[in-house]
Protein chains: 2
Amino acid sequence: MNVTITGASGFIGRKLAHRLLAANSLIGSNGEASRVERLTLLDVIDPSAELAEDPRVTVVTGDITDRALLEKAIPVDTDSVFHLAAVVSAGAEEDFDLGMAVNLDAARAILDICRGHGTKPKLVFASSCAAFGGDMPDVIADMTARTPQTSYGTQKVIGELMVNDYSRKGFVDGRALRFPTVVVRPGKPNKAASTFASSIIREPLQGDRAVCPVKPESRMFLASPRSIIENVVRAHNLTDTEWGPSREATLPGFCMTIQAMADALETVAGKTVSDRIDWEHDPFIQGIVDGWPPDFDTQKALSLGFVRDNSMEEIIRAFIEDELDGKIAG
Amino acid sequence: MNVTITGASGFIGRKLAHRLLAANSLIGSNGEASRVERLTLLDVIDPSAELAEDPRVTVVTGDITDRALLEKAIPVDTDSVFHLAAVVSAGAEEDFDLGMAVNLDAARAILDICRGHGTKPKLVFASSCAAFGGDMPDVIADMTARTPQTSYGTQKVIGELMVNDYSRKGFVDGRALRFPTVVVRPGKPNKAASTFASSIIREPLQGDRAVCPVKPESRMFLASPRSIIENVVRAHNLTDTEWGPSREATLPGFCMTIQAMADALETVAGKTVSDRIDWEHDPFIQGIVDGWPPDFDTQKALSLGFVRDNSMEEIIRAFIEDELDGKIAG
């Protein structure tokens, strides 16, 4: 199979690329497992040498708003596209036109390129729980209205709608997934309001202090990198019959308080580590977090067999294993 | 005030133009009533001589996908835009690119032109209950997910999302309204699957026979031309504070069986007239109608003071008065 990942140098894109190359098997449109013959990695940033050196990898570097570049990254023999590239929340809020160009127009261009090939390729589209916001019920269910409160969320919901309609028309075989907040992200904090959720686990484990700007009783809807990658591959591998007419789902996650996250850190790594969280309340961040959806019922995703993390402790242990070579700074 | 109507030669556009010129008063952004100084009518079809001859009317004729034409129709001193132009359901299904160009790209161009003016004009966007479909709950409420099953419905929901986000960003002062099926439409039947709902009232009143292709127990969600026009003007006149952050609403309508519609016709016009309905079942149309939303709870619109028709009898009498000069063919 010939596969393309957009946003391939992002945190999820990199992990997905490694996973696809290692497993070397995906379910094609015929419902049968096939080897990955070619993996095209599209991003503004070059992939790691390890990925670039794999003989199956083709690197396409550049701006996703460039139609010619997209056409190069998604040639006519493409079987599957994982469209992960996006301008994230704060970025799309700061630069409205950039958000529209990347999150809406590039998504539509990818759908149109796939349609033009006439081969109905599989397309996995990364959406977000930022689809929800504002006045919401206590539990967000599959049939709760998408009421995004950011341009990023708006553009993602528009992407979901296009994926559904292009799939209904038979132009692509699409699947749109709403990601929970992903913890524990490796690397540095970014500008997302949710970044502290990873920081308060990641930095203490590495011997650094981290600020938690929200109250311990604040709640977040979370999923681990491992479960996200597992579910992205599952979303691809399910047949169109298994998906049925509606091509969207909120991925399973777990809703937990920040206190429970800190408690899990103490359980796994001890009090010395969890004491490295500085509770410095920031009313601005608190306001944003309080506006997020309170809880989710992801019945559809669970019925389609998507996985849910078992516990915060398990997620922290996986982070230590995957990103810290098993070592905690004592 | 300087006002623009797109789709001004359509059935709703014409009625709205007459209404705005006759009432000669709209609530501006300052919350105060002002006279209509200029009414720009944009459509591919020229308006009636009666409208064109009004000294306040400016006619702009041409294709709404022409950006230069849109800019001409929405000059910098525009206070309000009523965006009614659309490729309807069957048209957008037959010609996907045309639907995307008119229903999505032109709506976005109008939003961008308004944004470019930097004056935050009012914008009333006509959406549709085609926003809903597929697997639905028994009652569609304000917080029910939009799950369109047509390209037309998809494009309309995308329009709603853009109206909300452009309003949140302060680019426009927008309002998106989901119209129920409008009965009784004047004129000839069109290609819409719902066209029979008007035909079975309109043709018998004029002495002609009409075919009803669905079972008497089939249900539809309906509103009259009078209530639609009233609500479109109300949507405009409500202040941004009254609308609040969410700029969308399903307009009130009433859900009734086709049998009850025929009974109302008999009550108003007699059995000779209602016997002009030929019940000729068409499984294809029945299938489409059965896929439409079963019932609606339009709590938000009602709390904002939008009106609902009192009865089918009242709607039929209004049609006889407005379109047939008060005369029924005996």
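In the predicted model, helices H10 (residues 258-269) and H14 (residues 312-323) of chain B pack at an angle of about 55°, their axes 9 Å apart. Helices (H or I, at least four residues) are DSSP runs, numbered from the N terminus. Axes are lines fitted to C-alpha atoms over the stretch in contact, and angles run from 0 to 180 degrees between N-to-C directions. H10(B) is therefore oblique to H14(B). Angles under 35 degrees count as roughly parallel, over 145 as roughly antiparallel, 65 to 115 as roughly perpendicular and the rest as oblique. The crossing of H10(B) past H14(B) is right-handed, that is, the near helix is turned clockwise from the far one by less than a right angle. H10(B) contributes B:Ala260, B:Met261, B:Ala264, B:Leu265, B:Thr267 and B:Val268, and H14(B) contributes B:Met312, B:Glu313, B:Ile316 and B:Arg317. Contact requires C-beta atoms, placed from the backbone, within 7 Å. By class, this contact has 7 nonpolar, 1 polar and 2 charged residues. Ala, Val, Leu, Ile, Met, Phe, Trp, Tyr, Cys and Pro count as nonpolar, Asp, Glu, Lys and Arg as charged, and the others, Gly among them, as polar.

In chain A, H7 (residues 195-205) packs with H10 (residues 258-269) at about 20°, with axes 10 Å apart. That makes H7(A) roughly parallel to H10(A). This crossing is also right-handed. A:Ile200, A:Ile201, A:Pro204 and A:Leu205 of H7(A) meet A:Met261, A:Ala262, A:Leu265 and A:Ala269 of H10(A). The contact holds 8 nonpolar residues, no polar and no charged.

Between the chains, 18 residues of chain B are in contact with 17 of chain A. H6(B) (residues 151-168) gives the most to the chain B side, with 7 residues. That side has 8 nonpolar, 7 polar and 3 charged residues. H6(A) (residues 151-168) and H6(B) pack at about 180°, with axes 10 Å apart. The two helices are therefore roughly antiparallel. A:Ser151, A:Thr154, A:Val157, A:Ile158, A:Leu161 and A:Asp165 meet B:Ser151, B:Thr154, B:Val157, B:Ile158, B:Leu161, B:Asn164 and B:Asp165.

Residues are numbered from 1 along each chain as its sequence is written, and chains are lettered from A and ligands numbered from 1 in the order in which they are written. In this predicted model, local features need pLDDT of at least 70, side-chain atom pairs count only at pLDDT 80 or more, and totals for chains, interfaces and linings use all residues.

Methods. Contact = placed C-beta atoms within 7 Å.
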